[in-house]
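These notes are meant for a colleague who is opening the model for the first time. Please read them with the sequence and the structure side by side.

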Amino acid sequence: MNLTREEIIEAVNSALVNEMELDPASLAPDKTFFDDLGLDSLDMVDLMIGLQRKFGVSLRDNEEIKTVRTLGDVYDFFEKNQAMLTAQAEAAKRAKEQAQEPPATPGN
Amino acid sequence: MNGLRRVVITGCGVYSALGSTPGELFDNLAAGKSAVVRAGEEEHFLPTAPAPREPERFRSLPRTLRRAMAPSACFTAMAGLAAMQDSGLTQDDLTALNAGCAVGSTMGSVSALREGYSLVISGQSDRLSPMHFFKSASHTTAFNLARTLGLNGAIYSPCSACASGLQAMGLGAVLIAAGQTDVMFCGGADETGSEVSGSFALMYAHAPADGDLTESSQPFSAHRKGLVCGEGAAVFCLEERERAVRRGAKIYGEIIGYASNSGGSGLSQSDAPAIARCMSDACASAGIDPADIDYISAHATSTLQGDAAEAAAIREVFGDHVPISSLKGHLGHTLGASGPLEAAAVFEMARHSLLIPTRNLVDIDPACAGIDHLTAPREKTIRTFFKNSFAFGGVNASLICRINA
């Protein structure tokens, strides 16, 4: 994940339009997810699952993402944390690959 | 009905391969149309009878409702909304009445189950949406209907495979008769899929994809080779009679009898003595004689054993005096939806005084003979009709309705 703020905004907004069927005109950074955009906590989980996939990162154990209130908070979160999230994803991928490697056979 | 109060039907909605209104369903059945096509799923080449599933059909449901719905719940919601509109009751009325619902299906949603376990098995459980539970839960059709109609009464979801829908109607009638509630939306819904069709195929109970597929479902026929799975939904508004009369509601008919039982030991085999007892018990609960029945809408799914057992039971209880047909030659076996969906068709048959024959029934199996099979349309006034539904696990259910009570 190595995106400009504009690319992050486009990715997040397209998820909201396509998955949550929101009007693109309603998507401004100061809009709150619950009160302004009419989403609920289950929608937020779905949104994050979609963004995880889109960005190739994992948000499951991230505490900060659980505190977002506005659309701008989400843009800021990804802009600020993308390097860390990408490093985490790559480390997790390496750990998974290592776990899948067959153990060395003694004597070889 | 055994109970203090009488129960009438004041609304009906359907969603099916052959129509999304009872009138359209009747027209297509009367025209002899078949819903059966080749299964679109590449891993299974079996005949199937799918209902329309294009997402645009369900766009009228708000996203906040639709997000928790797989096709089975969408079918139910569409049928339920139509039933509510037909009943003349508004969402505000239903809320004030603490109306409830009972809707059953075979296994919630086979497509949502597949989507979920496919992700888990392929190591992608981090892609599982929290909505998977709501889409695939065994009671998904019932609670999604309650949310759609704003029902704040009891939610029940009989889960008895192909008898689910008829048991839901019977349950609703029993609850209203007993004074537990005044209004219940009751019905059944189901989805077909390779897991479902394949299960029947493993038991040699599914029709093969040979020849003209529209002839593959042949209830009571000497040439039948098994059933064809279909899908859809039907929902009725059940209401306490005095209340319905007071408000001047249109009344389709009254549920006058209901019984459900089992043979106590069966797994997949039908049990003719238990079916006969179920039908006799339904007559007893209605306080009528079998000779009072004008038409029987059979469960007959086109399986070798099931059709023969039902025919034997009908022969024992009714002799050869009551006209009988199965609509599964047209619709396939719509599983948990079949009882209510076929009952909805019978109300239309009654309105037109026209009995629709069993499609594809030319040569009657001698094992199914001795009863009054409809092999051609017959004009007849239906005053009282019988609907049967049976299911794996030995579940039997029979419902008796009287038209225009």
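How many helices and how many strands does chain A have? Chain A has three helices and zero strands, where helices (H or I, at least four residues) and strands (E, at least two) are DSSP runs, numbered from the N terminus.

1. Basis of the note. This is a predicted model, in which local features need pLDDT of at least 70, side-chain atom pairs count only at pLDDT 80 or more, and totals for chains, interfaces and linings use all residues. Residues are numbered from 1 along each chain as its sequence is written, while chains are lettered from A and ligands numbered from 1 in the order in which they are written.

2. Confidence in chain A. Within chain A, the lowest confidence belongs to helix α3 (residues 71–100), with a mean of 92, and the highest to helix α1 (residues 5–18), at 96.

3. Form of chain A. Read from the N terminus, the elements of chain A follow the order α-α-α. Chain A has a radius of gyration of 17 Å, well over the 13 Å that the globule rule gives for 108 residues, so chain A is more spread out than a compact globule; the radius is taken over C-alpha atoms, and the rule is 2.2 Å times the number of residues to the power 0.38. The C-alpha trace of chain A spans about 65 × 25 × 25 Å along its principal axes. Of its 108 residues, 15% are buried, a residue being buried if 20 or more other C-beta atoms lie within 10 Å of its own, exposed if 12 or fewer, and partly exposed in between, with C-beta atoms placed from the backbone.

4. Form of chain B. Chain B holds 14 helices and 16 strands. Its radius of gyration is 20 Å, which agrees with the value near 22 Å that a compact globule of 405 residues would have, and its C-alpha trace spans about 60 × 55 × 40 Å along the principal axes. In chain B, 60% of the 405 residues count as buried.

5. Two domains in chain B. The domain assignment, which is automatic or taken from a database, divides chain B into domain 1 (7–246) and domain 2 (254–403). The centres of these two domains, taken over C-alpha atoms, are 20 Å apart. Their contact takes 65 residues from domain 1 of chain B and 56 residues from domain 2 of chain B, two residues being in contact if their C-beta atoms, placed from the backbone, lie within 7 Å. Among the elements of chain B that give two or more residues to the domain 1 side are β1 (7–16), α8 (164–177) and β8 (232–240), and α8(B) supplies the largest share, eight residues. That side divides into 37 nonpolar, 22 polar and six charged residues; Ala, Val, Leu, Ile, Met, Phe, Trp, Tyr, Cys and Pro count as nonpolar, Asp, Glu, Lys and Arg as charged, and the others, Gly among them, as polar.

6. Strand β1 of chain B. Ten of the ten residues of β1(B) are buried, so this strand is largely enclosed by the rest of the structure. β1(B) runs antiparallel to β8(B), joined by nine bridges, and B:Val8 has B:Glu239 as its bridge partner there. Three bridges also link β1(B), again antiparallel, to strand β9 (residues 253–262) of chain B, where B:Val7 is partnered by B:Ile255. Strands are taken to pair if DSSP finds at least two bridges between them.

7. Strand β4 of chain B. In strand β4 (residues 100–104) of chain B, five of the five residues are buried. B:Gly100, B:Ala102 and B:Gly104 point one way from β4(B), whereas B:Cys101 and B:Val103 point the other way. β4(B) pairs with β6(B) in the parallel sense over five bridges, with B:Gly104 standing opposite B:Gly188.

8. Contact between the chains. Six residues of chain B are in contact with ten residues of chain A. The chain B side of this contact has two nonpolar, one polar and three charged residues.

Technical notes: pLDDT = per-residue confidence, 0-100.
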